[in-house]
Amino acid sequence: MSTETGVRFHRMKDLPSTHLLGTGTPMCAGCGGLEALHEIYDILGEKTVFVNAAGCMTMLSVYPFTPFRGSWLYAAMASAPAGAQGVRDALDILLQKQRMTAEEDLQVAVLTGDGAAYGMGLSATSGAMERDLDFIYICYDNEGYGNTGQQFSAATPHAARTATSKGTRGYPGYKKDLFSIWAAHKPAYVATVIGAEPLDLARKIEKAQGMKGSRMIIALAPCPTGWDYDPKLSVDIGRLAVKTGMWPLKEYIDGKVVHTRVQHERIPVEEYLKLQGRFRHLFEPARDEPMLAEIQARVDSYWAAVGA
Amino acid sequence: MTRVLITGNGAAAWGARLAGVDYVPAFPITPQTEIIETLAAWIDHGELDGRMVTLESEHSMVTAAGAAAATGVRVFTATSSQGLLYAMEMLYTVAGWRAPFVMVNVSRGLSAPITLEPDHNDILAARDSGFLQIHCATCQEVLDSMLIAYRLAEHERVRLPVIVNLDGFYLSFTREPVEIPDAETVAGFVGAFDAENTRFRASAPASQAVAVLGGSPYSYFRYEMHMAAQNALAVYDEVAGQFAETFGRRHDALDAYRCDDAEYLFVMMGSFATKARAAVDRLREAGWRIGLLRPRLLRPLPVAQLRQTLGGRRAVAVIDQNLATGLGGVLYSEVAGALYGHSGPLPVLASFVGGLSGRDIAAEEFYEMARVIRDAAKAGEAPPPRLLYTRDELREMHKLQAVARVEREELESKP
């Protein structure tokens with residue numbers, strides 16, 4: 001049940017110049033998740049209630065402060081989508097029974113990290129999509145349980161060193177394809193975004209906002225603390241994630257997946273990897289050529305499969 | 001007012017219907033399912049102007065219930081046993097939101113071993129969650145307690161969710177005559193839902209359930225919950241009084257049966273207390289001065305009323321339909337805690353555990369318990385706690401074990 005609206009954002013200067021999210025939050029310097037949230041909130045607007053799952057961003061609203069001009073409900077790690085269900089249903093009931101005017105209505109958004117989205121919260125997310133819950137779901141994906149010190153999660157990429165994969169080969173598993181898992185539910189909209197590509201992000205959030213039903217967003221969130229790099233590199237690393245093809249920017253609408261950024265010439269993945277301490281063992285004390293080749297081959301085969 | 005023959009589950013559904021619930025997040029579990037099936041049918045046929053949503057788990061169900069109540073609608077939900085425990089994180093959470101709504105728990109023993117019939121380990125696991133608890137012994141009480149529960153939950157001095165508990169099978173599937181009050185009278189009694197300041201509106205942004213840093217603000221908010229729960233004692237009496245005036249049925253926080261001149265008392269919760277009640281009648285006929293005290297309100301615990309009722313008796317048998325492994329009966333500890341430090345003569349307090357997963361407590365067992373506490377009163381010393389189990393039961397159990405052994409041997413002897 002998707003309907004596209006006219007595109008408001010053509011170039012960078014079309015992006016909102018006033019920012020809604022307050023400053024002085026306890027997020028780390030250079031937080032890629034907060035960068036994405038800033039950009040998303042500017043477009044969603046203050047008539048939004050965020051239902052939050054346990055993660056770094058739970059610390060945004062600590063009594064008696066909040067950076068949000070709109071509303072907030074902290075639920076629990078596993079069940080933020082169910083919280084969104086309760087809020088959305090209650091608002092609909094109040095509207096239907098005329099106990100609240102339409103001006104009082106709110107956009108319901110879930111805000112969750114990858115730890116909840118890829119794992120514990122997946123059942124509740126699946127349930128929300130299957131009920132076609134009218135909400136926006138935002139996962140800031142920093143590829144590990146960041147708030148507890150970056151242990152690996154189901155979102156951690158192959159070979160990354162985390163607090164629970166410190167061996168020479170790093171994390172033995174592979175990043176779960178949450179985009180495809182979500183898309184298999186056939187919700188109204190699924191998209192990947194990254195704060196370092198604000199125009200692409202803005203267009204997608206605007207598109208999502210113009211639709212009804214479950215609109216699912218994964219924002220890759222470069223994480224200086226968890227990925228071990230200088231906070232000033234967050235934007236560069238974010239751009240490299242896209243330019244190397246490691247983080248494909250894409251969307252799912254009406255049964256089709258469209259890539260919104262296709263690189264004619266992809267930069268080698270090691271340009272992205274070598275900036276991050278979590279991959280340093282692939283370069284020092286000696287280059288791990290087989291592992292670097294494996295990671296490159298996986299990226300290449302992804303793009304070959306999508307015909308780019 | 002009509003009198004009909006309905007199950008405890010049916011009575012719970014009628015309670016929700018008459019209270020005019022807006023929203024019913026649901027998830028099926030035996031022996032509760034009939035409640036949500038009944039409500040679903042009424043909603044489908046336009047007899048109840050509510051919305052039901054089936055969530056994918058009880059954890060999500062209680063999250064949605066709390067979130068909807070925190071947004072400003074009247075909510076009902078129901079679960080049982082494993083479902084209640086699956087939702088346990090959210091019980092503590094939504095009570096902390098101060099989201100007022102009513103949940104029915106249909107008691108059922110907990111796994112392992114997995115079982116279907118009732119005891120109170122499920123509901124007692126939620127004892128300290130912040131939900132208030134009302135325990136029912138009859139189908140009529142289920143319906144009536146639901147109406148009282150909404151008043152209690154939504155009261156400005158309380159604002160906490162309430163669980164109404166009924167026993168699986170013995171109440172959930174047992175038909176009893178129940179008076180269904182007319183909708184208008186109930187609407188007058190329960191009133192319209194007032195969200196107060198617990199709501200989400202575009203014109204009034206609010207942050208609910210935010211984090212705190214450190215023990216001091218945390219303690220403040222938890223102490224507030226505790227004091228709200230304590231307020232619920234007086235509010236309960238007030239609401240139950242109004243209920244009695246309106247509907248002609250009294251539901252005191254402690255239901256005292258033939259207690260006035262009693263030297264000996266049974267203390268018991270839930271539908272099995274009706275067995276104790278019958279035993280009291282038989283024992284009275286045999287010349288005993290004995291009664292039954294049945295706590296309906298477990299949270300908040302009416303400590304002063306317990307002291308008042310139990311103080312000065314010769315002996316009291318607390319019969320727990322639950323087992324706190326490694327300790328004994330939960331209710332026994334609660335009663336002992338209420339009595340200790342009380343000036344004046346204390347009864348000898350004896351602990352019995354029985355009725356786990358619906359195991360019957362026969363009349364003879366009540367007579368035996370009465371004899372045990374009478375002897376204890378004479379000796380002036382509490383007897384050791386007893387786990388009720390008969391010789392016949394043990395023999396049946398040994399038969400099952402013998403069958404298991406034969407099956408095992410046969411399996412192992414195969415090449």
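How many bridges join strand E11 (residues 264–267) of chain B to E12(B), and do these strands run parallel or antiparallel? Four bridges join them, and the two strands run parallel. The structure is a predicted model, in which local features need pLDDT of at least 70, side-chain atom pairs count only at pLDDT 80 or more, and totals for chains, interfaces and linings use all residues. Residues are numbered from 1 along each chain as its sequence is written, while chains are lettered from A and ligands numbered from 1 in the order in which they are written.

**View 1. Strand E12 (residues 290–295) of chain B and its partners.** Strands are DSSP runs (E, at least two residues), as are helices (H or I, at least four), numbered from the N terminus; two strands pair if DSSP finds at least two bridges between them. E12(B) joins strand E10 (residues 254–257) of chain B through four antiparallel bridges, with B:Pro295 as the bridge partner of B:Leu254.

**View 2. Burial of E12(B).** Six of the six residues of this strand are buried (20 or more other C-beta atoms, placed from the backbone, within 10 Å of the residue's own). B:Ile290, B:Leu292 and B:Arg294 lie on one side, and B:Gly291, B:Leu293 and B:Pro295 on the other.

**View 3. An open sheet of five strands in chain B.** The order is E4-E5-E7-E6-E13, with mixed pairing. Strands E4 (76–79) and E13 (297–299) of chain B stand at the edges with a single partner strand each, so one side of each has no neighbour in the sheet.

**View 4. The pairing of E6 (residues 132–135) and E13 in chain B.** These strands pair in the antiparallel sense over two bridges. B:Ile134 stands opposite B:Leu297.

Technical notes: Buried ≥ 20, exposed ≤ 12 C-beta atoms within 10 Å, placed from the backbone.
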